[in-house]
Structures are given as structure tokens and as C-alpha cells.
Amino acid sequence: MNSRHALLALLAGGLALAALPWLLSDFLLALALSCVMYAGLAVSWSMFCGPTNYLSLATAAFFGLGTYVTAWGAGALPYGLSVLAGGLVAAGFAALIGAAVLHLRGAYFAVITFGMGELVRHGITYYEKAFEGTVGRIIAEAPESTTVYWMVLLVSMGAVAAAVLVRDHRLGLALRGIGSDEERAQTLGVNARRSKIAAFALSAFFAGALGAAMAVRWTYIDPLTVFNPFIGFQTVLIAMVGGAQTILGPIASAVVFGLLTEFLRLQFPYLFLVILGFLLILLVLYLPGGIASLFERWRWRRGNV
Amino acid sequence: MGIVHFVRGAAAVALAAMAAVPALAQDVRIGYAISRSGPGAPGAQTSQEPNYIMWAEQVNAAGGLNVGGKKRKIELIGYDDRTDAETMLRTYEKLMTSDKVDLILPPWGTGLNFALMPLAQRHGYPMLSPTATGRKLLSLKNPYFFPLLQQPDVMMEALATFLKARGTKTAAVVHVDELFGLEQAAALEKAFKEKGIQIIEKKSYPFGVKDLQPVLRDIKAKEPGAFIALSYPPDTFLITAQSKALAFNPSAFYAAVGTAFPIYRDKMGAATVEGVMGLGTWNPKSGPAAKAYFDAHVARWKKEPDRWASAHCWAGLQILQQAVEKVGLDRKKIRDYIASTEFDTVIGKIRFKNGENVSTPGVVSQWQNGEFEVVWPPERATASSQFPKPGWN
């Protein structure tokens, strides 16, 4: 599928999803919101980590930064602008940190990005305490839940569109080159450093914007709530289960994973984590390429017929 | 098209199963989400969910809730919120709008209670919250929110009065950088200033701190008359163990949240915690109702309830029950009744004024011979205080 077809499909899908508030109950809309949010997070994560084979655990940091931008701007910035600002602040932070740490690889990079989350959490805690005399902020005026849903949908669609464009253009090629052999890519004229920073910042933009968009749902923003490592790990898990090399994989995974987790949680309130863990082990054993490899298999089979 | 069919099929199955089967019409359906996993789980499973379950069992064993002269059993619907705000909100949206439960019980902790407040107000569900405290919560002026714990300034005022009466001149304070620690520290500074107790050292530390020895060593060198840690459970354990290791033994040693947990005594050793003071409200000697609650909890769960929030949680359930038996299941009427009535509970009388529990006083408790004795105020005391604190054992 070339870029134009993919973008048209995305537009059609987005329009269909935009109609959900009229079709679903409050609860199912909240479930759809969660699926769309994790689809956006997982796609933005895979945008950088998929082709380059880097493992970033910084999603929670970008997401949390975004929520704080909304909290800081509460009352002063309109909702749409806070979301944009949340994305820009996260992207700026990612570019700055990325310039310093993107030469690391493997476990070192993973550990340092996890440390970034802690750095942002403690940094914000310190700043708030020292200059504002508090750590938590109240967002008293929240938009309607349908507005939040549309905003999150818009940002997630933006993430998918960006992922498609990156994949099909020079930056995507450069990233894939870096993923398979960074030195060779550099020898062939790829500016590895600049490509990595650009993709890392772009991926952070969407995580930050999603954090900023979701913040208004939680009334009270404090470091423990918004730098919840759960959100970061869930994102990585969804992207990997889906297949981080693809775009459709993480989206399908966010939906399947979101619905399945919710189904198990509500049906087996005490056992669901055990069942979920077991399913994950099976998935890793028998579907190491992720959900996306199912598409590949199907395509391959059709080609043979 | 196999994958598409699979996804569609899975989604259909999941959605069908989520449209929960309605219970028998005559049951009173009470729903909640609570932390069974994630960072909130230890606290929620100590002070909160065991009480929810035991209350429903006790009411049902007695025939049920008396609604309009008819006994109706309670059906409790509880889910894990994974200590995640979004999961918690989604669960209550399901409970309130899809399942249309009769009543809700609140989630665990200040952050999650904050997040639930607007939803509870929109759908008109009263929240009797046992584990949320802070003036900031009250500043939202949410008419459906009734926090059961004492407010920080009330607790710190009691501590200051207690120490003043024992001639304390100087104090050192450490606090956790969280809403709780900051509000408590601000209230403590104000109360100490009024009582003329000088704070000679004040330090804060981040949540999740792993070592406080350097701070404690500095404080020990300054020889304060009282040491006050406005701490959360993990740091309460840490500060106790490290103060003992450094032989830092001021006349008054106070740590906030977690001292009231039986596991604090059991893990540190009853001899070690002898004389340690902390936040508490009650113990089995507080009265016959407290004794009955304590015994029932031990019989049901084979473990003791904590001496602070557990009984506040139980008191909230008692208030809910009294309100329902008085005005039925009309939630607006329940809210109005809670807001305007004085209730008899396991921790004494409770009355709410502008959402604040104005009846439960600030209490100082102290471990003595394996019991967390109430030592202040005198009308609630179950033992006289040990002052100065004995050495570490």
C-alpha cells in the first residue's frame, strides 16, 4: 500500500471512529478512548523504535510532561492549544535528551530512557515544590468526554499519518538503515545522529500531546498519577505484541489487547493478571513476529494461490 | 480475511460479555473499583477492600439492608483498577451508566478519589471516602464528597498541643514531597509556631526514597526534643529502621502513615516500636463497638485491622447503611441526609460540615506493649503516654 492509499484508508477509518460518541454508551466510549490512546502511543513508539531496533522506556516521561503542560496552562490556554503545547514541550525535551544519549544502544539506552522518566518526575516535583509550594494541580474546568475522545482520536490519527509518511520517505529509509547496520548506513551518507534525533522527537511529540489531551479527565494532576510506569510499559507491550516493524500491527494490538484486558478484568476480577500473563507467554512463544506477522502470513498465502 | 473475522469475533464476544447480566431485581447493587494490583494495592488491601467485603457479608447474614421496610441483600460488584486513573474512571462509568448500580464505594487514595469526584457529582453518587484527606480536596466543594479522615491541620494541631503539654521546646521535621506530606508540614509549622515550639531542622524527600541515613545523622547531631516524620508507609518503615541503627532516640519520635498498621509492629518487632508515636484514631479498647469490629475483622480475615483508616472505612459503611435504612435508595436524599445528620459509628459521632468530618478530633497514638494506644486527647485516651520515649530495643 503506498502512502496515498494508506492515508485515505486512515481518513476513512478516522471518520468512522469519529461517529462512535453517537453510537456507544459512556462506558464503551471510555473503552474506545483507551484503545485509541494506546493505538496512538504504540504507533508513535514504533515509529522510532521499530525500524531502529532501539528499546525506549521514555513514553511515560513524555506522556507525563504533556499532562503537566495542560495542568500548568489550565484556565489560561484553550484545550487545543494545550495539546499542541504538550506535544511541543515533549518533543523539545526528547530532542535535547536525545542529542545526549542517542549514541547508546541496547540495554544502555533502555535503562537511560527509563531513568529519564524518573528525572522528569523528580524534576517536576522539585520545581512545583520549590516555586509553587505544592506538587499537585487541580484541573477544575474539563471539556466534555466526547471532546476529549475526538481530540485523542485526532492526535492518534496524526501519529499514524506521521508513521506512514516517515516509513515511505527518506527518514524511514535512514532509520531502517540504522537499524540493520548503523556504521554502514553512515558510510552510505546517512546522517545517523540527525535522523535519530528527528524521529525520537517526532515520536515524543505524539506521546506528549496524548498526555496533554488525557490530563483533563483526571481532575488532579500529581506525579504519582501521571508518571505511572503502567502507561509506559503497556505501550511497549502493545507495540511488541503487535509487531513494532509495522503500523497496522500496533493498532490492531491496541484494540485486541484493550478489549481482551477489559473483558478478562471484568469477568475474572481476581485472576485476570494470571490469565493475561499466560496469554502473553503463549503469544511470545508462538507468534514472535507479533500480530502483524498474521497479516504477512495471510498475504503470503494469498500470493501462492 | 481470517484475521479480520477473528478480531471482529473477539470484539463481539468481549462486548457481549461486558454487558453484565443484571442481578436479581431485589438485590441492592453496590459497585466499586479498587487497587488489587499496582502501587496502591498494599494500602487498599489493608485498610479498605477487606472492610467492604466484610460489611456486605455481615449485612447479608442479618437478612440484608432494610430498604423502605423490606430486607434486601447486598450484591457487591468489585473490580481491580490497577491503581490507574483511567482504568478506575472507566470502571465507574460502567458501574454508574451501564450497570446503573444503586450505590458506589470509593477507590483507594487521594489521587484516584480526586479523579472520581466530578463523575460522582454528575451522576449523583455519594462518596464516603476512607483514604483521602487534604484541604485541597475540600476546596473543590463537591456536594457528593464526604472524606472520613481528619484533615491535616486538625491532626497536626493535636500533635502540637500534646508536645507543648510535655514541655517540648525544639523539633526536627522531615516530610515526603506529596500532597499529604506538604499539607501536613505546612499545618505543623503553623501549629508549632502558635505553641512556641521551634523547628530547628526541616527536610523533605521524594516519594520512593531508599536511604535517609545522612538526613537522620544530621538531625541527630542537632538533638531536637521531638522528631516528626510526615511519611508514607515505605518511608515510615525506613525511618524507623535507620533511626534505630543510628541510635537516634529523641524524647518524642513520631511517624505519620503506616505506624497504625499491625504489620509495622510485626515487621519491626513490638519491642522496637515501643514508644513510637503516629497517626491513629482508635484501638480495640476505644469502646464496645470498636472491640466488636476488631474481633469480627480478626475472625474474618485472620489479621488485625489498622488503627487508623480501617475504622474510618467501617464508619463510612455504617453511615451509608444508616442513611439507606432511613431514606431508601434515592441517592439525592441519601446525600442530603449524610450532609445534615450526626451519625453514631465505630469511631464515635461523625457529622459533616461543608464536606468535612468535624467530629473526629486529631488523635496522637503510641505503641505500648504491642497495642497502638491512644494517648491524646484525654477524652479518647486508652492509656497514658510514655514520655520520654524509651531507648530502641
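How many residues does the contact take from chain A and from chain B? It takes 38 residues from chain A and 36 residues from chain B, where two residues are in contact if their C-beta atoms, placed from the backbone, lie within 7 Å.

Before we go on, note that this is a predicted model, in which local features need pLDDT of at least 70 and side-chain atom pairs count only at pLDDT 80 or more, while totals for chains, interfaces and linings use all residues. Residues are numbered from 1 along each chain as its sequence is written, and chains are lettered from A and ligands numbered from 1 in the order in which they are written.

**Stop 1: the chain A side of the contact**

Select helices H3 (26-52), H6 (106-132), H11 (223-226), H13 (248-267) and H15 (292-304) of chain A: these elements each give two or more residues to the side that touches chain B. Helices (H or I, at least four residues) and strands (E, at least two) are DSSP runs, numbered from the N terminus. H13(A) gives the most, with 10 residues. Colour this side by class and you get 22 nonpolar, 10 polar and six charged residues. Here Ala, Val, Leu, Ile, Met, Phe, Trp, Tyr, Cys and Pro count as nonpolar, Asp, Glu, Lys and Arg as charged, and the others, Gly among them, as polar.

**Stop 2: two domains in chain B**

Now select 28-150 + 288-357 of chain B as domain 1 and 152-283 + 362-380 as domain 2; these bounds come from an automatic or database domain assignment. Their C-alpha centres lie 28 Å apart. Across the boundary, 17 residues of domain 1 of chain B are in contact with 18 residues of domain 2 of chain B. Helices H2 (41-47), H6 (135-138) and H14 (309-327) of chain B each supply at least two residues of the domain 1 side.

**Stop 3: the seven-stranded sheet**

Show the strands of chain B in the order S9-S8-S10-S11-S12-S16-S17: they make an open sheet with mixed pairing. Strands S9 (198-205) and S17 (371-376) of chain B stand at the edges with a single partner strand each, so one side of each is left without a neighbour in the sheet. Two strands pair if DSSP finds at least two bridges between them. S8 (170-176) and S10 (226-230) of chain B, for instance, pair in the parallel sense over five bridges, and His175(B) stands opposite Leu230(B) in S10(B).

**Stop 4: the three-stranded sheet**

Finish with S13-S14-S15 of chain B, an open sheet of three strands with antiparallel pairing. A hairpin joins S13(B) to S14(B) through two residues, and Phe343(B) has Ile350(B) as its bridge partner in S14(B).
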